[in-house]
Every structure is written in structure tokens, then in C-alpha cells.
Amino acid sequence: MTNQFAARQLAPDEVALYRAIRLEALARDAYAFSSSYDEEAAFPDEVMAARLRTSATFCLFAGDAAIGTAAILPKLPRKVCHRGELVAMYVNAAWRGRGAA
């Protein structure tokens, strides 16, 4: 059986969705991130929205459930801004090994 997944870029007005999957990642797999759950849980919505405006942040869905995330940060200076760094990758443990990662 093949699982069906959908990925899409999050918009700055999807802060609640982004916050939920980001905090899940920090709570469940803290060792994989340079930030902490406590630090990011305290961020105001504007900080989270700014991330969504300045990076290409994607969310992976299984049906309506958000099960993963990844972001691409553009490189600077402008001459190399067509390049990026893949960061903040996370897939919920229940979905790992099932074609989601």
C-alpha cells in the first residue's frame, strides 16, 4: 500500500499551523535542532510570521494532518541568492519509514 502525501509552502498567515509542527519537532526531537522548545514557544506570532516571509517553509501533509516540515533559507549576497540551505527538517516519527521522509 502506498501512502499519499502532499507538500506545500506555508504562507505568512499560517502561523498557527507552522507553530504547531515546529513546536512538535522541538519537543520530540530536540537533539536535532539548535533552538529549544521553550525558546520558540515564547516567540510572538510576528517572529514566526517573519520566518515564513523570509524563507521557503514547507509542510508535509497526510490527509489534513501536518506530519513534517522543512525550510530553505536563501543564500546571501544577492549574486548567489538562487542557492539555499535546507534546514529545520522534521517528519513525525509515526510516519518515518513510510515514504514521508
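**Exercise 1.** Determine the strand order and the pairing sense of the open sheet of 4 strands.

*Solution.* In this predicted model, the strands of the open sheet follow the order β1-β2-β3-β4, and their pairing is antiparallel. Next, identify the edges: β1 (6–9) and β4 each pair on one side only. Finally, examine one pair in detail. Between β1 and β2 (residues 56–62) there are 4 bridges in the antiparallel sense, and A6 is placed opposite F61 of β2.

**Exercise 2.** Which residues make the nonpolar surface patch, and is I72 buried, partly exposed or exposed?

*Solution.* The patch is made by F58, I72, L86 and M89 and covers about 360 Å². Of these residues, I72 belongs to strand β3 (residues 65–74). Its relative accessibility is 37%.

**Exercise 3.** Locate the cis peptide bond and the non-glycine residue with a positive phi.

*Solution.* The bond from L76 to P77 is cis, with omega near 5°; P77 is situated in the loop between β3 and β4 (84–91). A88, although not a glycine, has a positive phi of about 55°. This residue, A88, is found in strand β4. With a relative accessibility of 27%, A88 counts as partly exposed.

Note on methods. Residues are numbered from 1 along each chain as its sequence is written. This is a predicted model: local features need pLDDT of at least 70, side-chain atom pairs count only at pLDDT 80 or more; totals for chains, interfaces and linings use all residues. Side-chain values use heavy atoms; hydrogens and water are left out. Patches are made of residues with over 30% relative accessible area and no salt bridge: like charges are joined within 9 Å, nonpolar side chains (Val, Leu, Ile, Met, Phe, Trp, Tyr) within 5 Å. Accessible areas come from the Shrake-Rupley method with a 1.4 Å probe; for residues, only the protein chains shown count as cover. A salt bridge is a side-chain nitrogen of Lys or Arg within 4 Å of a carboxyl oxygen of Asp or Glu. Helices (H or I, at least four residues) and strands (E, at least two) are DSSP runs, numbered from the N terminus. Buried means under 20% relative accessible area, exposed over 50%, partly exposed in between (1.4 Å probe, protein chains only). Two strands pair if DSSP finds at least two bridges between them.
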